[in-house]
Amino acid sequence: MYAMQDGDEYFRSTKDVESDTPVIDLGYLQLFTLGDSALQNEVLGLFREQVASSVSALRKSIADDDCASWRMAAHTLKGSARAVGAFRLAQEAERAERDNATLNSRARGAERIAIAALATVAAIG
């Protein structure tokens with residue numbers, strides 16, 4: 001089950017090692033779902049699919065050296081992550097969207113996003 005339970009401090013305070021930004025703040029999502037755990041589960045399931053799709057699109061854009069596709073995939077991921085409270089992943093996606101001038105900068109961004117995405121998916125289960 002993905003939804004935060006009453007008193008579940010683990011998810012409220014889960015931090016990425018490299019940042020003070022929470023990996024995911026399920027309390028944020030809980031506000032927007034009015035505490036409906038079934039809706040939270042559905043939203044988080046869709047989010048997991050979006051993360052996989054966005055990461056795949058980022059990898060393809062690197063292989064194709066397609067900066068416009070890179071920006072679009074990073075932007076999509078940023079919005080999806082913010083919507084569910086995955087603020088660390090949103091930060092990395094925003095950084096990747098902005099820092100995309102070279103293939104090397106996109107490759108570094110992809111690595112940071114992959115790390116943040118894995119931490120986020122692990123935190124939501």
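Colleague: At what angle do helix α3 and helix α4 pack, and how far apart are their axes?

Modeller: Helix α3 (residues 37–63) packs on helix α4 (residues 67–84) at an angle of about 160°, and their axes are 9 Å apart. The axes are lines fitted to C-alpha atoms over the stretch in contact, and the angle, from 0 to 180 degrees, is taken between N-to-C directions. This is a predicted model, in which local features need pLDDT of at least 70 and side-chain atom pairs count only at pLDDT 80 or more, while totals for chains, interfaces and linings use all residues. Residues are numbered from 1 along each chain as its sequence is written, and side-chain values use heavy atoms, with hydrogens and water left out.

Colleague: Which hand does the crossing of α3 and α4 have, and which residues make the contact?

Modeller: α3 passes α4 in a left-handed crossing, meaning that the near helix is turned anticlockwise from the far one by less than a right angle; clockwise would be right-handed. On the α3 side, the contact (heavy atoms within 4.5 Å) is made by Val43, Leu44, Phe47, Gln50, Val51, Ser54, Ala57, Leu58, Ser61 and Ile62. On the α4 side, the residues are Ser69, Trp70, Ala73, Ala74, Thr76, Leu77, Ser80, Ala81 and Val84. By class there are 13 nonpolar, six polar and no charged residues. Nonpolar covers Ala, Val, Leu, Ile, Met, Phe, Trp, Tyr, Cys and Pro, charged covers Asp, Glu, Lys and Arg, and the others, Gly among them, are polar.

Colleague: What makes Ser54 buried or exposed?

Modeller: Ser54, in helix α3, has a relative accessible area of 3%. Buried means under 20%, exposed over 50%, and partly exposed in between (1.4 Å probe, protein chains only). Ser54 is therefore buried. Not counting residues up to four places away in sequence, Ser54 touches Ala73, Thr76 and Leu77.

Colleague: How do you know which class Thr76 belongs to?

Modeller: Thr76 lies in helix α4. Its relative accessible area is 30%, so Thr76 is partly exposed. With residues up to four places away left out, Thr76 touches Gln50 and Ser54. The C-alpha atoms of Thr76 and Glu94 are 9.7 Å apart, at a sequence separation of 18 residues.

Colleague: Why are α5 and α6 called roughly antiparallel to each other?

Modeller: The axes of α5 and α6 cross at roughly 165° and come within 9 Å. With that angle, α5 and α6 are therefore roughly antiparallel. Their crossing is left-handed. Arg88, Leu89, Glu92, Ala93, Arg95 and Ala96 of α5 make the contact with Gly109, Arg112, Ile113, Ala116, Ala117 and Thr120 of α6. These residues divide into six nonpolar, two polar and four charged.

Colleague: What makes Thr120 buried or exposed?

Modeller: The relative accessible area of Thr120 is 1%, so Thr120 is buried. Thr120 sits in helix α6 (residues 103–124). Beyond its neighbours within four places in sequence, Thr120 is in contact with Val23, Ile24, Phe47, Ala86 and Leu89.

Colleague: How do you know the accessibility class of Leu34 and of Asp65?

Modeller: Leu34 has 78% relative accessibility and therefore counts as exposed. Asp65 has 48%, so Asp65 is partly exposed.

Colleague: How many helices and strands does the protein have?

Modeller: The protein has six helices and zero strands. Helices are DSSP runs of H or I with at least four residues, strands are runs of E with at least two, and numbering starts at the N terminus. Of the 125 residues, 42% are buried. Among contacts with a separation of 6 or more, 65% join residues 24 or more positions apart.

How values were computed:
Angles under 35 degrees count as roughly parallel, over 145 as roughly antiparallel, 65 to 115 as roughly perpendicular and the rest as oblique.
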